[in-house]
Amino acid sequence: MKRSILISCFCGLLLLPIIGYAAPADPTAPSILAFTATPGVNGAINYNLSIKILLAMTLLTLLPALLMVTTSFTRTIIVLSILRQAIGLANIPTGQVLLGISLLVTLFVMTPVFNQVNEQALQPYLSHTMDESTALLKAEQPFRQFMLKQTRVSDLNLFLKMSGRGHVDTNDDIPMPVLMTAFVTSELKTAFEIGFLLYIPFLIIDLVVASVLMSMGMMMLSPLVISLPFKIMLFVLVDGWDLVLGSLASSFAT
């Protein structure tokens, strides 16, 4: 109860400046414009700084979702989670560690794409040689090319058909929501395929250990207790982390 009251008071304090701007005490006092738009060159529209800040804050809230549907993050985190399950370690490495590793691998894989966005869109926009709409279109192209290379044709055709577009002349005609949906679907399929291949060696160890324990009549002993050290030893001996992370990074080089 006390917490809800404190939250309500805090929200009320935050709303005071907004209410003050919306309804000034002096009717003759100049008000602060919440939205202004001025025409620019070639029919472009320039918005005021407050609207740009609002849009930037909105994009920051969507950043985690965009990270998952436009980069290599989804494939990486799923493969690492399946690997942890295959070894038999419930919380080692922890979820935070897997998340950090996935972010680092994603940064490594997406660095060429980020460099293209910086050179083609961000720097021209910051130097005031390109407007917002053109910069967004330029920034979209590197991500579009990356996603097209990793997307299966069957998935792309499926979602094009579901969206009512049975055929497109060029890749630039593919709507971005359709491309992102097909890309995520392809990433899920690829991640589960890689996870299946990683699971097989550890599954064989579990089957061998379970068979040996059954033949010895030790049915009350959990096979996981015996197989876990062997699986960890196998993973360390074959330099598993280098193999897994290197294979994940190279799987995007198409």
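1. Starting with the overall inventory: the protein has 9 helices and 2 strands. Going along the sequence, these elements come in the order α-β-β-α-α-α-α-α-α-α-α. Keep in mind that this is a predicted model.

2. Some whole-protein numbers next. Of the 254 residues, 27% are buried. The accessible surface is about 16900 Å², and carbon and sulfur atoms supply 72% of that area. As for contacts with a separation of 6 or more, 65% are between residues 24 or more positions apart.

3. Now the pairing of α3 (residues 73-87) with α7. Their axes approach within 9 Å and cross at roughly 20 degrees. An angle under 35 degrees counts as roughly parallel, so that label applies to α3 and α7. The crossing of these two helices is right-handed.

4. Here is who touches whom in that pair. On the α3 side, the contact residues are T74, R75, I78, V79, I82, L83, Q85, A86 and I87. Facing them from α7 are E187, L188, T190, A191, F192, I194, G195, L198, Y199 and F202.

5. α3 also packs against α9 (residues 240-250), with the axes 11 Å apart and an angle of about 155 degrees. The cut-off for roughly antiparallel is over 145 degrees, and α3 and α9 are therefore roughly antiparallel to each other. Their crossing, too, is right-handed. In this contact α3 uses R75, T76, V79, L80 and L83, while α9 brings W241, V244, L245 and L248.

6. On to α6 (residues 153-162), where D155, L156, F159 and L160 are buried. Viewed down the helix axis, these buried residues sit within an arc of 130 degrees, so they line one face of α6.

7. What does α6 carry on the face turned away from its buried side? That face has the exposed residues V153, K161 and M162.

Methods: Residues are numbered from 1 along each chain as its sequence is written. This is a predicted model: local features need pLDDT of at least 70, side-chain atom pairs count only at pLDDT 80 or more; totals for chains, interfaces and linings use all residues. Side-chain values use heavy atoms; hydrogens and water are left out. Buried means under 20% relative accessible area, exposed over 50%, partly exposed in between (1.4 Å probe, protein chains only). Helices (H or I, at least four residues) and strands (E, at least two) are DSSP runs, numbered from the N terminus. The arc is that of the directions from the helix axis to the C-beta atoms. Contact means heavy atoms within 4.5 Å. Accessible areas come from the Shrake-Rupley method with a 1.4 Å probe; for residues, only the protein chains shown count as cover. Axes are lines fitted to C-alpha atoms, for helices over the stretch in contact, and angles run from 0 to 180 degrees between N-to-C directions. Angles under 35 degrees count as roughly parallel, over 145 as roughly antiparallel, 65 to 115 as roughly perpendicular and the rest as oblique. A crossing is left-handed if the near helix is turned anticlockwise from the far one by less than a right angle, and right-handed if clockwise.
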